Amino acid sequence: LYFHIGETEKRCFIEEIPDETMVIGNYRTQMWDKQKEVFLPSTPGLGMHVEVKDPDGKVVLSRQYGSEGRFTFTSHTPGDHQICLHSNSTRMALFAGGKLRVHLDIQVGEHANNYPEIAAKDKLTELQLRARQLLDQVEQIQKEQDYQRYREERFRLTSESTNQRVLWWSIAQTVILILTGIWQMRHLKSFFEAKKLV
Amino acid sequence: SEITFELPDNAKQCFYEDIAQGTKCTLEFQVITGGHYDVDCRLEDPDGKVLYKEMKKQYDSFTFTASKNGTYKFCFSNEFSTFTHKTVYFDFQVGEDPPLFPSENRVSALTQMESACVSIHEALKSVIDYQTHFRLREAQGRSRAEDLNTRVAYWSVGEALILLVVSIGQVFLLKSFFSDKRTTTTRVGS
């Protein structure tokens with residue numbers, strides 16, 4: 001999967017993940033060659049800056065990589081993590097008309113594991129390896145469910161806040177209505193008495 | 001690949017995928033936040049022929065089999081919005097997932113334990129899929145609830161102010177009716 005961005009443009013993606021979940025991103029960039037009218041196979045020298053922010057806006061990852069690379073981070077707070085990519089092109093915006101093609105692949109949680117590597121390291125039989133994979137799948141599902149429980153709690157707080165606002169603002173408006181009515185009566189009564197119309 | 005991205009107002013963003021002929025693909029998308037939770041979506045084959053096109057859709061899923069090799073392009077457009085930006089999720093699945101037990105260099109059928117593992121794996125994949133859908137629906141519902149919360153607060157304050165202005169306005173309007181000097185002069189004259 002790939003997309004196009006301007007040479008000095010920043011492109012962000014949102015990843016909603018539970019906590020303690022590993023994310024691996026692989027990317028590759030190709031620069032547009034104006035003369036040949038084609039994307040170059042590779043662009044050595046071009047760098048890519050990757051910045052990841054957690055749901056609170058705190059920077060989790062902020063690093064410079066090559067034109068092709070892989071970035072990894074682990075979430076410690078559940079929620080929307082923002083992954084931003086932009087090239088380190090230093091050409092002034094006036095002259096930067098270049099186009100970049102970016103190939104991107106983001107793997108989350110269990111999909112981020114490299115099972116052949118795990119099998120070689122731990123000397124697992126194939127059945128043991130697959131059992132491990134199933135366990136990881138179940139763990140990922142459980143993390144997601146814990147996150148959903150957290151989101152449901154927040155959702156409930158929002159709904160209860162709406163309910164409270166409706167209630168109290170209704171009461172406040174009723175009180176305002178009564179007070180302005182009383183004020184109207186007193187004000188007009190005194191005015192009419194002053195004009196000897198009553 | 002699964003991606004969630006932000007689509008500014010009046011913007012259009014396209015993604016490309018190289019697909020081999022005969023591959024079965026599924027494009028699924030959903031708008032999570034913004035405006036009326038809708039987006040334009042369009043899928044084109046390497047020759048530019050439109051395979052899928054929907055306007056102002058909140059959620060959809062489209063499955064097709066690639067009839068030729070090449071680069072397939074799908075675009076999400078928010079060009080009909082002048083104010084609201086959208087958050088869009090899409091899942092573009094190309095081909096089938098690799099099997100749990102690769103069938104190469106195997107001389108025997110799967111043992112009963114291995115078959116059980118395969119069944120569990122498929123079931124867990126279904127669970128993950130449902131979980132993703134639930135998370136997206138929850139995110140959309142949450143966004144609507146927060147929007148409702150905000151609107152209730154602002155409109156309530158606004159309504160209270162309108163109430164005050166109208167009430168005070170009534171009083172001064174009535175006073176102006178009875179404050180006309182000409183009327184007073186007329187009464188004195190008669």
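**Contacts between chains A and B**

In this predicted model, 19 residue pairs are in polar contact between chain A and chain B, both partners being at pLDDT 80 or more. Three elements of chain A each give two or more residues to the side that touches chain B: strand S1 (2–6), strand S2 (10–17) and H2. H2(A) provides the largest share, 31 residues. By class, this side of chain A holds 22 nonpolar, 12 polar and 10 charged residues.

Three salt bridges are counted between chain A and chain B. One salt bridge pairs Glu16(A) with Arg142(B), with 2.8 Å between the closest N and O atoms.

Contact involves 44 residues of chain A and 56 residues of chain B. The two chains bury about 4,800 Å² between them. Carbon and sulfur atoms account for 65% of that area. Leu1(A), Tyr2(A) and Ile14(A) supply 13% of the area that chain A buries against chain B, more than any other three residues.

Helix H2 of chain A covers residues 126–194, 69 residues in total. Its first and last C-alpha atoms lie 100 Å apart, close to the 102 Å expected at 1.5 Å a residue. Lys196(A) follows H2(A) and has a positive phi, near 55°.

His81(A) sits in strand S8 (residues 79–87) of chain A. Its relative accessible area is 1%, so His81(A) is buried. The side chain of His81(A) reaches two backbone oxygens: that of Gly79(A) at 3.1 Å and that of Thr77(A) at 3.5 Å. Beyond neighbours within four places in sequence, His81(A) contacts residues including Phe13(A), Ile14(A), Lys53(A), Asp54(A) and Phe73(A).

Methods: Residues numbered from 1 in each chain as written. Chains lettered and ligands numbered in written order. Predicted model: local features only at pLDDT ≥ 70, side-chain atom pairs only at ≥ 80, totals over all residues. Heavy atoms only, no water. Helix = DSSP H or I, 4+ residues; strand = E, 2+ residues; numbered from the N terminus. Expected span 1.5 Å × (residues − 1). Buried < 20%, exposed > 50% of the residue type's maximum accessible area, 1.4 Å probe, protein only. Polar contact = N/O pair within 3.5 Å; in protein donor to acceptor, adjacent residues only side chain to side chain. Contact = heavy atoms within 4.5 Å. Buried area = accessible area lost by both parts, 1.4 Å probe. Salt bridge = Lys/Arg side-chain N within 4 Å of Asp/Glu carboxyl O. Nonpolar A, V, L, I, M, F, W, Y, C, P; charged D, E, K, R; others polar.
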